[in-house]
Amino acid sequence: QASEAQLAAIRAKGDADTRVAAVEAVAALSEGMPSNQHAMRQAGACEALVATLQAAIPRPHISATAVHAIAAVSDGLAATQNAMRRAGACEALVRFMRAFCLHRGSGIASLAAICSLVPSNAANQMALGQAGACE
């Protein structure tokens with residue numbers, strides 16, 4: 001139920017501060033907790049986080065928060081990594097990386113998120129390469 005409340009706040013088109021706080025909560029609840037990562041995936045977090053990143057790329061604070069949450073929800077779970085790929089995370093992360101590669105914190109966040117999508121996941125490795133991550 002908690003994940004659904006955060007995801008509803010993320011999907012809402014209202015206050016940016018509320019959305020950022022909800023994205024931060026998703027990340028905090030997911031880090032290192034496979035059961036919470038699974039629950040977030042089941043509740044639609046992959047699509048919501050990727051949509052947030054895609055819409056927020058011009059705003060580094062919001063997009064960096066979304067990148068961190070994508071990494072936290074994806075880390076170590078193949079099913080969630082695959083769901084993120086299907087939601088467009090690979091392309092969105094490469095766009096973010098290109099937009100903010102010179103900003104130290106944002107560049108590191110994008111690399112960490114990319115790393116969370118690739119362990120033992122050839123489909124994600126290929127998708128990231130096709131999106132331009134290797135260029």
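Colleague: Leaving aside its neighbours within four places in sequence, which residues is Ser 30 in contact with?

Modeller: Contact means that heavy atoms lie within 4.5 Å. Once the neighbours within four places in sequence are set aside, Ser 30 is in contact with Asn 36, Gln 37, Met 40, Ala 72 and Val 73. Please keep in mind that this is a predicted model, in which local features need pLDDT of at least 70 and side-chain atom pairs count only at pLDDT 80 or more, while totals for chains, interfaces and linings use all residues. Residues are numbered from 1 along each chain as its sequence is written, and side-chain values use heavy atoms, with hydrogens and water left out.

Colleague: In which helix is Ser 30 found, and does it count as buried or exposed?

Modeller: Helices (H or I, at least four residues) and strands (E, at least two) are DSSP runs, numbered from the N terminus. Ser 30 belongs to helix 2, which covers residues 16–30. Buried means under 20% relative accessible area, exposed over 50%, and partly exposed in between (1.4 Å probe, protein chains only). Ser 30 counts as buried because its relative accessibility is 0%. Its side chain also reaches the backbone oxygen of Val 26, at 2.8 Å.

Colleague: Where is the place of Gln 37, and which residues is Gln 37 in contact with, leaving aside its neighbours within four places in sequence?

Modeller: Gln 37 sits in helix 3, and it counts as buried because its relative accessibility is 2%. Beyond its neighbours within four places in sequence, Gln 37 is in contact with Ser 30, Ala 72, Val 73, Ser 74, Asp 75, Leu 77 and Thr 80.

Colleague: At roughly what angle do the axes of helix 2 and helix 3 cross?

Modeller: Axes are lines fitted to C-alpha atoms, for helices over the stretch in contact, and angles run from 0 to 180 degrees between N-to-C directions. The axes of helix 2 and helix 3 (residues 34–43) cross at roughly 140° and come within 8 Å. The two helices are therefore oblique to each other, where angles under 35 degrees count as roughly parallel, over 145 as roughly antiparallel, 65 to 115 as roughly perpendicular and the rest as oblique. Val 26, Leu 29 and Ser 30 of helix 2 make the contact with Asn 36, Gln 37 and Met 40 of helix 3.

Colleague: How many disulfides does a search of the whole structure find?

Modeller: A disulfide is a pair of cysteine sulfur atoms within 2.5 Å, and searching the whole structure finds zero of them. Cys 46 counts as buried because its relative accessibility is 1%, and Cys 90 counts as buried because its relative accessibility is 0%.

Colleague: How many helices and strands are there in the protein chain?

Modeller: The protein chain has nine helices and zero strands, and buried residues make up 47% of its 135 residues. Among its contacts between residues at least 6 apart in sequence, 68% join residues at least 24 apart.

How values were computed
Polar contact = N/O pair within 3.5 Å; in protein donor to acceptor, adjacent residues only side chain to side chain.
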